[in-house]
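Here is a short briefing to read alongside the structure. Take a look at the fold, and then we can walk through a few of its local features together.

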Amino acid sequence: MPGTYCEIDLDKEKRDAFVYAIKNHYWYQMYIDDLPIWGIVGEADENGEDYYLWTYKKLEIGFNGNRIVDVNLTSEGKVKLVPNTKIQMSYSVKWKKSDVKFEDRFDKYLDPSFFQHRIHWFSIFNSFMMVIFLVGLVSMILMRTLRKDYARYSKEEEMDDMDRDLGDEYGWKQVHGDVFRPSSHPLIFSSLIGSGCQIFAVSLIVIIVAMIEDLYTERGSMLSTAIFVYAATSPVNGYFGGSLYARQGGRRWIKQMFIGAFLIPAMVAVCCICFFVILPLNLVGTILGRNLSGQPNFPCRVNAVPRPIPEKKWFMEPAVIVCLGGILPFGSIFIEMYFIFTSFWAYKIYYVYGFMMLVLVILCIVTVCVTIVCTYFLLNAEDYRWQWTSFLSAASTAIYVYMYSFYYYFFKTKMYGLFQTSFYFGYMAVFSTALGIMCGAIGYMGTSAFVRKIYTNVKID
């Protein structure tokens, strides 16, 4: 027998609200034992003049032993919306045995035809081939170019002082005394690098955990895991941020530690976790970073006076390099962005974390290759401002991701109104910012290793 759970006094205001919801195809989502069920509010007649509300919810729950393994909802009881009437809302529950295993109860919600479509496989293959091509191209160009540079610089070592003075000095070797100069605003820079390394560690660990455990089977498990892992990996932030700040001669390390600890949580406002978990662990990482790898050990000494930066062509300016640096990394992930956006905003369950791991690896490789090439050309133009340039050129990937979110909003969703628009673009801004900081840190770390390598192999008087 159906049971009544509420009664609605349908005045004109409530009737207009229901009509608005029916016209715009509103639907609702509920959970029973973490299993989602969906239903529509009502429907209109063929002429669009009369509107009807579904008032009877028929729930059919399947169980296996003492566990719920299946839930289905059927909406019945169509009632015409007429002002100044009373409408009773009722429901009934039917229990039935099911052969579905508890660990397989989410299988029917997965959409293999969507996530494992040929386009998805093709995008992964295409990105992978682009990585092979880019890595091969970068290796070939840099090895050939650097070999010539090393040969020329070795030949210059054999010249006497007068011949060297009369010769033309150019190229990346000429800025050896300035290339390891501390970046501008080292406190903010080191905090961004530390936060980016932590975000990368969180992304990697959460994806691995999701591949091993089906986190989508419990509501909120993915978010809870990410928050816990973020708090636990705070020493990563402190170590990389604190050590970089110390190598750049920073003295206000406590202030840097606070900025590094609260830079990302400030966007999500998890204050208690910040103060009682993240800050103490970040302190441990900062102390370890300053003591273990905080001493400058650059292969070249830093000049006391900064070298003048010569004029160069417009496309070698850091601002241009920053704008163009994020195109290829974005191109390697934009197909995956569509599936991630769809799983979040269209309420599909994302479960192909193997694809996500491959895309993360591809993104890291492409980002490092692009920033190395950009930095090499910048240094060859005798511009030693590579630190912020390498970070921002990789972080500009986030700008293209945020621009793509505009396309997705207007052409792939049906959202409208101030609340939905601000909610969507607010979340996309947080996501893009975190992605940009992570890519920036990856780009800087890879470029830093490259810069140290090439200057280590050059004899400096």
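This is a predicted model: local features need pLDDT of at least 70, side-chain atom pairs count only at pLDDT 80 or more; totals for chains, interfaces and linings use all residues.

The chain holds 16 helices and seven strands, and 44% of its 461 residues are buried. Among the contacts in the chain with a separation of 6 or more, 79% are between residues 24 or more positions apart.

**A pair of helices: α14 and α15**

- Two packed helices are described by the angle between their axes and the distance between the axes.
- For helix α14 (residues 386-395) and helix α15 (residues 397-412), the axes come within 4 Å and cross at roughly 20 degrees.
- That crossing angle is under the 35 degrees cut-off, so α14 and α15 are roughly parallel to each other.
- On the α14 side, the contact is made by Ser-393, Ala-394 and Ala-395, while α15 contributes Thr-397, Ala-398 and Ile-399.
- Sorted by class, this contact of α14 with α15 has four nonpolar residues and two polar ones, with no charged residues.

- Helix α1 spans residues 12-23, which is 12 residues.
- From its first C-alpha to its last, α1 reaches 16 Å, close to the 16 Å expected at 1.5 Å a residue.
- Which residues of α1 are buried? They are Arg-15, Val-19, Ala-21 and Ile-22.
- Just after α1 comes His-25, which takes a positive phi of about 60 degrees.

- Trp-253 lies in helix α8, which covers residues 253-262.
- Is Trp-253 buried or partly exposed? With a relative accessible area of 26%, Trp-253 is partly exposed, because buried would call for a value under 20%.
- Leaving aside residues up to four places away in sequence, Trp-253 touches Tyr-245, Leu-283, Thr-286, Ile-287 and Arg-290.
- Gly-242 is 11 residues from Trp-253 in sequence, and the two are 7.0 Å apart in space, C-alpha to C-alpha.

Definitions and conventions
Residues are numbered from 1 along each chain as its sequence is written. Side-chain values use heavy atoms; hydrogens and water are left out. Helices (H or I, at least four residues) and strands (E, at least two) are DSSP runs, numbered from the N terminus. The expected span of a helix is 1.5 Å times one less than its number of residues. Buried means under 20% relative accessible area, exposed over 50%, partly exposed in between (1.4 Å probe, protein chains only). Axes are lines fitted to C-alpha atoms, for helices over the stretch in contact, and angles run from 0 to 180 degrees between N-to-C directions. Angles under 35 degrees count as roughly parallel, over 145 as roughly antiparallel, 65 to 115 as roughly perpendicular and the rest as oblique. Contact means heavy atoms within 4.5 Å. Ala, Val, Leu, Ile, Met, Phe, Trp, Tyr, Cys and Pro count as nonpolar, Asp, Glu, Lys and Arg as charged, and the others, Gly among them, as polar.
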